[in-house]
Amino acid sequence: MATIQVVPEKEFQSLSQWQLMKRRFFQHKLAVAAMVVLILFYATAIFCEFIAPYKTTTRNSRYLYAPPQRIRFIDNEGNFSLRPFVYGYKKERDPVTWQEVYTPDPDLKLPIYFFVKGEPYRLFGLFDCDIHLFGIDRSPSEQMLFLLGSDELGRDLFSRVVYGTRISLSIGLIGVFLSLALGLILGGISAIFGGAVDFVIQRIIEIILSIPQIPLWMALSAALPASWSPLQIYFAITVVLSLVTWTNVARIARGKFLSIKESDFVSAARSMGASEWWNITRHLIPNFMSYILVQITLGIPGMILGETSLSFLGVGLRAPIVSWGVLLQQAQKMQVVAMRPWLLLPAAFVVLAVLSFNFVGDGLRDAADPHS
Amino acid sequence: MTGYIIRRILFLIPTVLVISIIAFILMELPPGDFLTSYILQLESSGAQVSEAQIAALRARYGLDEPAYKRYFLWISGIVTRGDFGRSWNWNRPVVELIIERLPYTLVVSLVTMTFQYLVAIPIGIYSAVKRHSLFDYTFTTIGFLGLSVPSFILALILMFFAYTTFGTSIGGLFSAAYREAPWSFAKFVDLLKHIWIPMVVTGMSGSASLIRIMRGVMLDELGKDYIRTARSKGLRERVVIVKHAVRIAINPILSSVTWVLPQVISGGAITAIVLNLPTLGPLLLQSLITQDMFVAGGIILLLSTLTVIGSFISDLLLAWADPRITYD
């Protein structure tokens, strides 16, 4: 009996903190599923030229505001084909409203091929390439594949969403690292020096926190010169987002820093003659790492929402940059959206990404906290 | 206690001062001064602007003075005369513009906050008491969704469904018939018919986090010894929960006003832009885009001051509700 109890305990103790975290995280099924979604999202962001069938600027002036095409396996005659296909559109005018109406044309079967030759692009700016994950054969007529419909200029919304993934998700990532760096440095200084320095930093944080976030973001990003290049605007928006959000990190970091500094196991290590270096690398940093990981995953959704909101309002990123928020700008006019609901689809991607980050963050927090 | 209140009030003054400096910096940030864009605007509408007029305007707003002098000109106007400057766009004093919209901003914010607490406190308590029940899981899921759907997307989706099913736009705070009408009972009813949309849309994410906090604190408290003592004394479960656990667990909720208020004002601004409400949010966006900086600066100063006062009130509430806090 005794041996049975001892063996698993021994095995358990030999697990490092990271292994424990990993084990607990994988028990959280929803968090693991969300992690898979995020991996897919970032893969899309990295390989967006390959995954998108078209470029963001490719337009087909024959098909403005074309609705999404349904992917089919069975045609109207009931014939099954393993290769998915879509029907091309027939353009007609509604006799009453005089509006253009697109109806699927059963005579125009457009099979979807995988690893198909399409528009040339440079992968990572290094390799010339023209293979796309999927697409239709470009030779018959001027048909295009519109999985999520097309916009007012006849550009493929799906391709634009795919390219937008890169911008929206990278802004979240870069912004979070900036705010984390600022927050950790200032929070750390606050905790280590204490006294007047601590007082001043804490008051600055309180004041920044008391200014409503979105109005402050709006004011800062509206001040960016219109003459700046898209890339400059992109980085400026990232800086604007993190200038406001570092305060939360700094506050929590300071508290965490102080509590670890005063904790029993650090005093114990110190009284046993451990050097400061040992304390910092062996106790402070490992204790902080899990916290930092949680902060990153919980901080990114806020950044993504910030960018999306600002771009949606027209003070954030602007064309020719394509982000989810920029795409949603078209959805501002209800009269336009009511007729073309697919213009709201980029919102679904925003919600899915943010939801996944929240689930993963929640799972990580549970895994990192030994008391939960 | 009185000493604590006085100290907190004295502390408000430097805070608001620093906020006013930040608001002023934000006004100064856009490249070029606002007079350039004003003159461009005048000239594009065909008006001739003489050199003398420009010089007079420059002198009046102290544009050739150093920044700190302009700051004093601006802030002393606000403090002594309640003069926030003039709007170039509307050609009216900023004060008038703000006062038109301030009451609606306050009403929408307060209604939203009340909604958040009325929803979050009972649900949080019930979820904690009936942990792992269907109710608990349902609201945890809704809470996650509430945190993940940004308010402007929620507003867009609601508007879309209202537009396609009822064929009407649900934006604004009043129907067209009542917008200019004097106050009456019917107008009030009309307001109630409209205000629930910004209330739910803005309040969603805040309620979601408040439910999580309330549930978390309640769970902590329910596991403590004094609860076991109360139960072993033979107190009824209702009394144990309401008079013991909730009494303590409510404190973090009271102190949450500090961050809930800025969140409501911030989220409310963007909701108001989508829903086209007559509040300060849309005016702020418009003034920022057209570089009507006295309006923008005034609104940012006002909104921030409001949240500072809000958090001051929440500190007082907490001090009153939690006798464990000492005030020296």
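Predicted model: local features only at pLDDT ≥ 70, side-chain atom pairs only at ≥ 80, totals over all residues.
A polar contact is a pair of N or O atoms within 3.5 Å; within protein, one of the two must be able to donate a hydrogen and the other to accept it.

Chain B is assigned a domain 1, covering 2-81, and a domain 2, covering 103-321. Their C-alpha centres are 33 Å apart. Where they touch, domain 1 of chain B brings 19 residues and domain 2 of chain B brings 15 residues.

**What is buried between them**

Together the two domains bury about 1,600 Å², and carbon and sulfur atoms account for 81% of that area. On the side of domain 1 of chain B, the residues losing the most area to domain 2 of chain B are Arg8(B), Ile19(B) and Met27(B), which together make up 28% of what that side buries.

**Polar links**

Between the two domains there is 1 residue pair in polar contact, with both residues at pLDDT 80 or more. The salt bridge count is also given: 1 salt bridge. Arg8(B) and Asp315(B) join their side chains in a salt bridge, at 2.6 Å from N to O.

**Helices on the domain 1 side**

Here are the helices of chain B that each supply at least two residues to the side of domain 1 touching domain 2.

| Helix | Residues |
|---|---|
| α1(B) | 2-28 |
| α2(B) | 34-44 |
| α4(B) | 67-81 |

Of these, α1(B) gives the largest share, 12 residues. By type, this side of domain 1 of chain B has 15 nonpolar, 3 polar and 1 charged residues.

Notes: Residues numbered from 1 in each chain as written. Chains lettered and ligands numbered in written order. Heavy atoms only, no water. Domains from an automatic or database assignment. Contact = heavy atoms within 4.5 Å. Buried area = accessible area lost by both parts, 1.4 Å probe. Salt bridge = Lys/Arg side-chain N within 4 Å of Asp/Glu carboxyl O. Polar contact = N/O pair within 3.5 Å; in protein donor to acceptor, adjacent residues only side chain to side chain. Helix = DSSP H or I, 4+ residues; strand = E, 2+ residues; numbered from the N terminus. Nonpolar A, V, L, I, M, F, W, Y, C, P; charged D, E, K, R; others polar.
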